[in-house]
Amino acid sequence: MRFFRLSSLRLPSVRHTTLRLSALRLSSLLIALAGIAFGQLAVAAPKSVILIIGDGFDDVHVTMGRNYLSGQGGTLTLDTMPFRAAVQVETVDENGNPIYVADSANTATTLATGSVTRIGRVGKDRDDESVTTVLEAAASAGYKTGIVSTASVTDATPASFAAHVGVRACENPVTIRGGEKYGVTFPGCPADLVENGGAGSIAEQLATANVDVILGGGMEHFAAQFGSNPTALDEATTSGATVLTSATQLNASYDGRVIGLFSEDTMPVQWQGSDGRSAEDIERSWLNLAHEMIGSITPPETISCVDNPSFEAMPSLEAMTRFAIDHLERENEKGFFLTIESASIDKKSHVRDPCGSIGEIAQLEQALNAALEYAAANPETLVLVTADHAQAAQIVPDPTLYTGLPIPVFSPGKVARIETPEGSIMRINYATNNIQSEEHTGANVPLFANTEGNKVLTPFMRQREIYQAMMQYLEL
């Protein structure tokens, strides 16, 4: 906290011939004036919130990350955070009835707005009405704001903090008119079209949103053009935003709004499986295919996690986080709200790629270290780490505990046997369905926080209450 110097206050002139002050009375006057200086002239320190979202980062993925990155007997930076809670994820259908497995759009919207909503909604309630987000409330109150993600910035989780559309796939001026996403045809978002009085697609909204820094992937959505209309990229530059497209540009400082788009869509992950491998089917003998109680099975060969060459040109999540914090704290006596997403914990679980997920957890840890470093120097900073929902992945025995039975025993679905740095095998099983994309699961998710969390958080929370806690902390 910064204070004006007491010595800069002038005492009223007093003629000693008409008024004699004893030393005691003079001391009392000085104490009173000091109270004025402290009570009326104090300048509050900046107050900030840094919300880190690991997409799909449930306790299984936390454990996967710990086992690989630190070893079974080690700790993650997450594990050193003094506050820990369990968070119930809530989702409803069009009638308001509970659904027990969520998607990223509705859960990120709940974190951002406190509204429990339908699958697919971005910044909107279940009735398709826009809801003010914590980021928007913070910006209106004079805080600086930022969004960082390893996904496209138009993807459901980052978009939910600064955009409002009825369906998450309405990312650009073309897709807002309908199309196909994840193999499913959707009608678009006619109510959100600019020509129908709406705010436009997610890219169009982010292009001119009151957000000081936006970093991630998504160039294809900002460059998408419908007819002869300006693209979102055109709108961003026309509005005065500086657009960055390469990692090296994060080494400089910029005035005003900054939008960084470093890949066409989701950014490449840091790690991949050796030879490009991910989880695979158990090999079953023809006898076992005839009847699962006979014959033999052979598990897949082990996989090593190796560097992904496609990641080399990308800025790391840590680099984007450090740039965002520096941009937001500069000449800022109010504070800021910053949300950071490690997106491909989830995206790589969908495609059964545990090395991709683990590498993304490593990126989350590095970004968290940067956030905690800032918080250590700026104590009135609340740092939160949580997940939007749980995701497909189980750590199962390798080999099975039932090896003594006279029948073949194996886990259903696809399996990856990961060689860990401490010399063991971690077997990850994916078995939520029989198609190319695994599904989310319905477990509660963890919440970690620094000591500031003790002021506004409780050991068990619902996702909407995290929104309320952030609003309370920023006094919004």
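Strand E1 (residues 48-54) and strand E17 (residues 381-387) run parallel and are joined by 7 bridges. Within this pair, Ile52 has Val385 of E17 as its bridge partner. The model is predicted.

Both strands belong to an open sheet of 10 strands. Its order is E9-E10-E8-E5-E16-E1-E17-E21-E2-E22, and the pairing is mixed. Strand E9 (242-244) and strand E22 (460-462) are the edge strands, each pairing on one side only. On average, neighbouring strands of this sheet are turned by 15° against each other, direction ignored.

Another open sheet has 4 strands, in the order E12-E19-E20-E18. Here the pairing is antiparallel. Strand E12 (280-281) and strand E18 (394-396) stand at the edges. Each has a single partner strand, so one side of each lacks a neighbour in the sheet.

How many bridges join E12 to strand E19? There are 2, and E12 and E19 (residues 414-419) run antiparallel. Glu280 stands opposite Val415 in E19.

| Strand pair | Bridges | Direction |
|---|---|---|
| E1 (residues 48-54) and E17 (residues 381-387) | 7 bridges | parallel |
| E12 and E19 (residues 414-419) | 2 bridges | antiparallel |

Which helix lies across E18, E19 and strand E20 (425-430)? Helix H2 (residues 59-69) does, running at about 55° to E18. E18 is also an edge strand of the sheet.

How values were computed: Residues numbered from 1 in each chain as written. Predicted model: local features only at pLDDT ≥ 70, side-chain atom pairs only at ≥ 80, totals over all residues. Heavy atoms only, no water. Pairing = 2+ DSSP bridges. Contact = heavy atoms within 4.5 Å. Axes fitted to C-alpha atoms, helices over the stretch in contact; angles between N-to-C directions.
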